[in-house]
Amino acid sequence: MEYEVVMGLEVHIELATNSKLFCACSAKFGAGPNENVCPACAGMPGMLPVVNKRAIELGIIASSLLNCKVSDRVVFDKKNYFYPDLSTGYQLTQLAAPIGTNGSVQIETAAGKKTITIKQIHIEEDAGKLVHDPRTGSSMVDYNRASVPLIEIVSNPDFRNSDEVIAYLTKLQGLLTTAGVSDCKMQEGSMRCDVNLSVRKKGATEYGVRTEVKNMSSFKAIARAIAYEAERHIDAIEHKTEVLVQETRGWNDEDGFSFSMRSKENAADYRYFPYCDSLAVPVPAGWVEELKNAIPELPEEKMRQYLFRYNLPPGDSAILVGNKVLSGYFDKTVQVFDNEKIEVIRVFAREIANFILTDLLSFVKSEGLVLEKLIPKPQKLAHLIKLYKNNRISRVTGRAVFLEMLKSDVDIDRYLTENNLLQEADFSGLDAIIASLIDAHFPIAQEFKAGNEKVLQFFIGRIMKETKGKADPKAVKQKTEEALNGL
Ligand code: ZN
Ligand code: MN
């Protein structure tokens, strides 16, 4: 029997604000337990909220990016439930008037393009965090995250496989990080994805029993959880291995299984009601327009520019576009060559991408460093690449100097002179070295005229070694070829 997996996504994204949604506490990740807490976000009686304007703005920007209709006012509702990490006994969220409704986003997978429709985007506050101590069996609560602003992006059940899910999440990451809505770091929890999944026979119009899986902290984990849940559902239908119930499940990525957390509540269980402590904030069309106009260039446009203006390979372009730090660095470095002709710019663009994607990334990986902290000035990388392209240094030297630049603010020219690394266009004694090498390997040299092209490479390699990489490779090639032809 052929089955179809049907999925809808609820994606929670922490907004990149300095402070929390209703108080002035810092919303920054990584502080010590309960360092960022005040009476308001600790849920003390009598506290009064002040709505964070930037959170609303980011909600509007996200809604615009995902082609939603933006609400003309911002109001909040109480979603009541008890949980130790929720000190107020309710979560402030948007039920009656979500900030964005009826949106859509285009994704692309190996199977082609597809439009995913968005039901709504609402602004809400995050809860605190329970920390379980397995040694003592006790639990502690950290309220730092309590009331940190989120948006929840709710899609319609448009997904049919995990490729589509991953493509969608990648797309959201690209859009939202570029626009500065969030840093979308799954590993730090600033992007969290809940998958609502059901299975039905192909061609059926009714949905099957739906379960929700949460707590996946990587794309890989999401794909594994989807595969596991789909199989569990199909088994239950085919072989009656269990009775499927509507519920929320957690994902254990280490051992690769999902487990029941709680039966899934329906909206009515939360006894939503309007929150009266903060007044409705009007959202005039002019404000939305202003925010929209300030959105920086989006990934699609950047991708097009990399592919067609700079002629970068699609793979390299995708990696750059997918990482704001890398693409920002690339853009600034390539800008140094702005006054050159496009053909020249393309040559340099290719080299800049090479240095960033091979040398820089492998250094970051091997040293386990934070990318943002060690990026050298764009002008310096541009200068280094100019030296390389003008045959003043070899690629090997270029790499070595670049690694030096990553470690310290080294002065390139002084470093090259002090370490005697500059190539000389007319390396004195080059002719003599070529002659003596040909002499030493005379039988091999003779094969060149017989048509063995590899001989040239053999000699060039030896000569570069002999001159310690300081001779201009172009001159070496030309002179060696002449010498071999002249035998
Ligand atoms: Zn606070
Ligand atoms: Mn939510």
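Start by selecting Cys23, which is buried at 13% relative accessibility (buried means under 20% relative accessible area, exposed over 50%, partly exposed in between, with a 1.4 Å probe and protein chains only). The model is predicted: local features need pLDDT of at least 70, side-chain atom pairs count only at pLDDT 80 or more, and totals for chains, interfaces and linings use all residues. Residues are numbered from 1 along each chain as its sequence is written, chains are lettered from A and ligands numbered from 1 in the order in which they are written, and side-chain values use heavy atoms, without hydrogens and water.

Next, show ligand 1, the zinc ion. Its protein donors, at 2.3 to 2.4 Å, are the SG atoms of Cys23, Cys25, Cys38 and Cys41. Donors are N, O and S atoms within 2.8 Å of the metal (3.2 Å for Na, K and Ca); water is not among the atoms, so sites may look incomplete. The donor spacing along the chain is C-x1-C-x12-C-x2-C. The angles at zinc run from 99 to 115°, so the arrangement is tetrahedral (four donors, all angles between 85 and 135 degrees).

Move to ligand 2, the manganese ion. His12 (NE2), Glu124 (OE) and Glu152 (OE) are its protein donors, 2.0 to 2.1 Å away. His12 sits in strand β1 (residues 3–14) and Glu124 in strand β7 (residues 112–125), 112 residues apart. Strands (E, at least two residues) and helices (H or I, at least four) are DSSP runs, numbered from the N terminus. His12 is buried at 13% relative accessible area, and Glu124 is buried at 2%.

Finally, select Ile444 in helix α13 (residues 442–449). Ile444 is partly exposed, at 30% relative accessibility. Beyond its neighbours within four places in sequence, Ile444 contacts Val455, Phe458 and Phe459 (contact means heavy atoms within 4.5 Å).

How values were computed
Tetrahedral: all angles 85-135°; square planar, octahedral: opposite > 155°, others 65-115°.
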